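Good morning, colleagues. Please look at the sequence and the structure now on the screen.

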Amino acid sequence: MKIHSPIDSGPPHAATVLARTQESPTIFTLKLQLDDAAAQAAYRFAPGQFNMLYLYGVGEVPISIMSDPGDRSGIGHTIRALGRVTQGLSALQPGDKVGLRGPFGRGWPLQEVGGNDIVLVTGGLGCAPVVSVIHYILKRRERFGKLVIIQGVKHTEDLIWREQYDRWAKLPNTQVLVAASQGGDKWPWHVGHVVELFSLARFDPTCATAMMCGPEGMMRAAADSLLQRGLSPMRLFLSMERNMQCAVGRCGHCQFGGAFVCRDGPVFSWNEAKSLLGHRGF
Amino acid sequence: MAVTLQPSIKPRVAVHKFSSCDGCQLAFLNLGEDLLALAERVELVHFAEAGPLDPDTDVDVAFVEGSVSTPEDQTRIQHIRQHSRLLIAIGACATSGGIQALRNGSNRAEWVAQIYSHPEAIDSLERSTPIANHVKVDFELWGCPVSGPQILAVVNALLLGVAPHDNADKVCTECKRRNLTCVMVSHGVACMGPVTRAGCGALCPGLGRDCYGCYGPAENANTDALAAQFSHLGLTPRAIARRFQSINSQAPVFLAAADKVRARDD
Amino acid sequence: MTSGFEHAGFLSVEHLNSLLAGLRANAYQCLGPSVVNGAIVMRELHTADALPRGLQAAQTAGQYRLTPDPENRYFAWANGPQAIKPQAFVPQESLWRAERDESGVLQFVAVHPEPARQAIIGVRACDLAALALQDAHFLPDTRRDAHYARRREQLFLVAVQCAVPAATCFCASTGDGPTPTVGYDLMLVELADGFVVVPGSDKGEAVFRMLELPAVTPQQIEAARQQGLEAAAAQTRSLPSPDLREALMKQLEHPRWDEVATRCLACGNCTAVCPTCFCHAETDTPVLDGRSSEHVRIWDSCFGESHGHLHGFNVRPDIRSRYRQWLTHKLATWHDQFGRSGCVGCGRCIAWCPAGIDLTEEVAALTAGEAQP
């Protein structure tokens, strides 16, 4: 599994907001560039890794990187404005400055799964860490088999990047399955739990890799369903979310059993995560 | 929904007083050099204790000290709310009714008659109540009085365009960060630190004294467990109830704790 | 340990000040035990006369009292409210600073601490075991914590064998005491008329040579060994096994977690006095002029609300899950992280719990009926 180390272990690097996109009433995307040219040139990441973004005077938050690692024009972060830092970040405009440390953690095992069918399962804003995988695969389409994108949301308005899902659905060898727990007008996709879509997914379980991100209960249900279809637990991966303050396995907040999610994750194999996944309190 | 201002503006700020001792306003005045920096970054339009007087103008932030204790307080707080974008309650009086709320459980007419030679001159409400009982409060800063660093943290957050941080941790966290020795364990005194909000910097334990709960209840305040330990230390139920019935007697968590101890005593 | 004693010297009681002089000659500021507010804490020590001679520390669940030591020894108090954790992992320190100019351009400046060289006198075996765990956490080969490293390398550790364990001590059952075996620069064993002095490092050897002590006698070595054995035997508490990983992780839904949650104050005192707890928060303190902001790390606790805070919900909203997180981390999942338990048997979490919760009692209740090795 390819892991990129942070450019250094010191304080953040200054970065500039190149562009800001409002994705939904509460979700926005920032495209950032490191101010120091040498740092920008040295910066590499793998899909699934994250950065610590610093808002002046307020603090840092861990945000996964959603852009393509080959795209050198900037580093993309899709963020939901919920806490103090993310609400502050949502007010930033092009030209504004932030701090950036990273990249941190272990990303998706994309190098190792060439030739496989890829099943991506996401819930809510869990789609952000997985969207980088979609970008990665679509740019290197010949390396992979079928691509199945399964996305669940609670409310129809929670689905961001709707046009992208429409576009992906029209690509060859690609299947897009979307569900909303509560439907609405002009909702073209399934109404119900995302797990109900699994029977429609077309992939070869003997030669497929699944990657999941979203609420832990949803991931557990999705894993049960995928494993039942014959997917090997060795080929099932998920990305976890926990409180992270240092990003280097030191501050202790992100502990999940014996693992430090920031350092040992956020991507885990099913066997690593299964014992405590969804267990309230861990 | 967010308790925020535009980071670019120089906010207009008012400091209002209700039924209180003025101690929380002093937390502003005691900021020293920071008060000068504050005056640079905000426009203080009303702060009677410091000079500026303009209670009726529109402001971005109104800091409100004191409880609602008189009919006049009731109308004035409505007026202030209508003219303030954000309203921040500061101090025990504003957040729980304060020390004067000790009267809430008693018969007002009776004690007024006992204390004052002209009871008819007293125009107070039956109960002293926190600001949030009367108008929407955007943020509460607990403490008797609030501390300078707390005030600065709130002002800094608002100037940065983000919501103030609500620290509901226990006094013990600040006590241990100061490397202080637990007075309950080493002296057997009934310290309220384990159920009380941080913010004072463990002022009393730093002087070898037990915390008396002036910052109000912390999150997940296990008052039953603390009452049990106070009993173990030899306090009578009456004494335990009094520990909870002090500066923040009407804070629901402390009031319930005292009621529970008294009920067991009966 | 055996070879250590054989290279030891003997320092008579009346020459204890020469040890302090030797440390100062090696440019160390001396920190030693001192009575402050009814407890023994580490403070700057100028003379051996200032040591808390003739005191024991009587400790039970939720209670700590200093009592007279009939034998008038220097180190008859088992331990105080803090180990040496705050010397290397300080409760509050700035990691870096963000500076912002009028146009909003940011610059980040690393903050480097410049701690004094400190010799700490009176370090216990449990404290050394705990420090080794803190070292493992903050100084892994791959990513050393610069702030911790800087403070840690300035420390000179004068350890002391525990002769009088407190009722809360159980280091014998965790395998970490009462006689220090590794991790010290010098080790003292207090006998009736003086101290067996054992060097444990090159730094310690340098000070040891300066003292020009007479060699210890076989009788003194035997007395020191015997004293350690007796102190171990005198301990009244214990953990059922040094490895409780499986035993505890099997009991995640045990009703005892609910029961202990009714007594636990979630005040975090146990985590603050625990010499191995390493959790810390990172927080920002901006200066009011809007030009700079300090990024500070402060001790944090898994008993606090913000520890499990996550976008939109809290992983551990209630006391039950916080206590369970603490205990299972300390005694179970710690093995996954560091290859051993996170408990060194110092008993501080028992004595300094304002509610008097006893870790050994909770473990016994949680694992009752389990076959123990």
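Is the crossing of H2(C) and H7(C) left-handed or right-handed? The crossing of these two helices, H2(C) and H7(C), is right-handed; the term applies if the near helix is turned clockwise from the far one by less than a right angle, and left-handed if anticlockwise.

This is a predicted model, in which local features need pLDDT of at least 70, side-chain atom pairs count only at pLDDT 80 or more, and totals for chains, interfaces and linings use all residues. Residues are numbered from 1 along each chain as its sequence is written, while chains are lettered from A and ligands numbered from 1 in the order in which they are written.

Now the geometry. Helix H2 of chain C spans residues 16-25 and helix H7 of chain C residues 202-211; their axes come within 9 Å and cross at roughly 130°. Axes are lines fitted to C-alpha atoms, for helices over the stretch in contact, with angles from 0 to 180 degrees between N-to-C directions. H2(C) and H7(C) are therefore oblique, a class left over once angles under 35 degrees (roughly parallel), over 145 (roughly antiparallel) and 65 to 115 (roughly perpendicular) are set aside.

H2(C) contributes Ser18(C), Leu19(C), Gly22(C), Leu23(C) and Ala25(C) to the contact, and H7(C) contributes Val207(C), Met210(C) and Leu211(C); contact requires C-beta atoms, placed from the backbone, within 7 Å.

As to the whole chain, chain C has 14 helices and 15 strands, taken as DSSP runs (H or I, at least four residues; E, at least two) numbered from the N terminus. The C-alpha atoms of chain C fill a box of roughly 65 × 60 × 40 Å along the principal axes. Residues 24 or more positions apart make up 72% of the chain C contacts with a separation of 6 or more.

Methods:
Contact = placed C-beta atoms within 7 Å.
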